Amino acid sequence: MANVAVIGAQWGDEGKGKIVDWLSSRADIVVRFQGGHNAGHTLVIDGVEYKLSLLPSGIVRPRKLSVIGNGVVIDPAHLLKEIGILRSQGAAISPASLLVSESAALILPVHQAVDAAREALRGAGKIGTTGRGIGPAYEDKIARRAVRLGDLASEDVLTEKLAALVAHHNVWLAAAEQPLADADKMKADLLAMRDELLTYAGQSWRCLADARAANKRVLFEGAQGVMLDIDHGTYPFVTSSNTVAGQAATGAGTGPTDIGFVLGITKAYTTRVGSGPFPTEDFGADGERMGERGREFGTVTGRKRRCGWFDSVMVRQAGHVAGITGMALTKLDVLDGFDVLKICVGYQIDGSDKVLDYFPSDAGAQAACKPIYEEMPGWSDSTYGARSWAELPANAVKYIRRVEEMTKLPVTLLSTSPERDDTILVRDPFER
């Protein structure tokens, strides 16, 4: 048996929630290993829609252990709120089904204030963050001044850390003419939540060590996508953490040899939320049609996603830097009814004859990339809800095969609707 890491192979929003939920039936433990509540996963199970942003997608399945690893930054108030919402929808969440690493750094109101103020000051050059304090929280973690979940156990430690944190951030907030952070208020709020939060606190590394000894299957769930990775994405329009599969080990507390199969979730087209380069973005009727049919609005922010054609260059590159073993192709049904489909097979730098077969790291070159398209005939029959290859139109199969050929990634799973069981399994990632 192999453990599986699930990551996004584009700019996030690829449909990881459904795939992780579907795979979690084969896993014993589901682990979130990076990001925060800027992630948005929507699950549709027996007609009930669950919206997750911090909890692992396996949380809605009975008899599964969900783990939030040390690599995640946690807004404690949001965590408890999300738990409450899912409980109201029938999910059984308790310390027996959820473990949160005591080493995870906390997102505090001061981080959200700093995040919002910075975006406002950037004006037209804004990054397009969710404003939830993710970036500033990671900055404090790296600068070794973060408040971590385990710190709540000692009021003295909490008082000392909050005082240092506020002293640092208030210098900048004052210079930006923003309201100052209040350490006493944050402390009181944290203490009010402390008892409930600490019931979930534990050591994710020990949990995974025990799982390894018991030969249990572990599913590592990533957030965002490879092209939002802080090192490998479209910098500076990226998230604040590493989103590649290697982070699954660091952010959960285990070794890289414990990650067997890397599944890259990939839409049959491309979307992006927020600012940043997007070579295959379609500003016309086709892009609008993708957005409407795919219900392309952010789970977390409600922002409309930018839509465009499939970019095989970007996904192939994501496969290399993230070590993707196989691809889960999602939302194929959104392309039903298009007469002509386009696949980006290269870039031409604006104003130059030079053709690139990779996505450049230089921000100027990224912005100047123009897609070189290969066109394929579409299909008129519906793929919605298909559960076997035999149910797919011939041109849909040809499109999938071309995507595989161009990305150098085999399709392992194919998703044809938001419903959990509308999935075609080509290879079980948990089987070596």
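In helix α4 (residues 134–142), the residues I134, G135, P136, A137, Y138 and D140 are buried, where buried means under 20% relative accessible area, exposed over 50% and partly exposed in between, with a 1.4 Å probe and protein chains only. Helices here are DSSP runs of H or I with at least four residues, strands are runs of E with at least two, and both are numbered from the N terminus.

Before going further, a word on the model: it is predicted, so local features need pLDDT of at least 70 and side-chain atom pairs count only at pLDDT 80 or more, while totals for chains, interfaces and linings use all residues. Residues are numbered from 1 along each chain as its sequence is written, and side-chain values use heavy atoms, with hydrogens and water left out.

Back to α4: its buried residues pack against β6 (73–74), β8 (105–106), α3 (109–122) and α5 (155–175), with contact meaning heavy atoms within 4.5 Å. After α4 comes R144, which has a positive phi near 65°.

Two strands pair if DSSP finds at least two bridges between them.

| Partner of β16 | Sense | Bridges |
|---|---|---|
| β14 (residues 310–311) | parallel | two bridges |
| β17 (residues 355–356) | antiparallel | two bridges |
| β18 (residues 369–377) | antiparallel | nine bridges |

To find these pairings on screen, start with F310, which stands opposite I343 in β16. On the β18 side, V340 faces P377, and Y347 has L356 in β17 as its bridge partner. The hairpin of β16 and β17 has five residues between the strands, and G351 there takes a positive phi near 85°.

W309 sits in the loop between β13 (306–308) and β14, and F338 in the loop between β15 (326–330) and β16, 29 residues apart. W309 is buried at 2% relative accessible area, and F338 is buried at 3%.

F338 also has R289 over its face, at 4.3 Å from the ring centre. Such a charge counts if NZ of Lys or CZ of Arg is within 6 Å of the ring centre and within 35 degrees of the ring normal. Elsewhere, R26 lies over the face of W22, at 4.3 Å from the ring centre.
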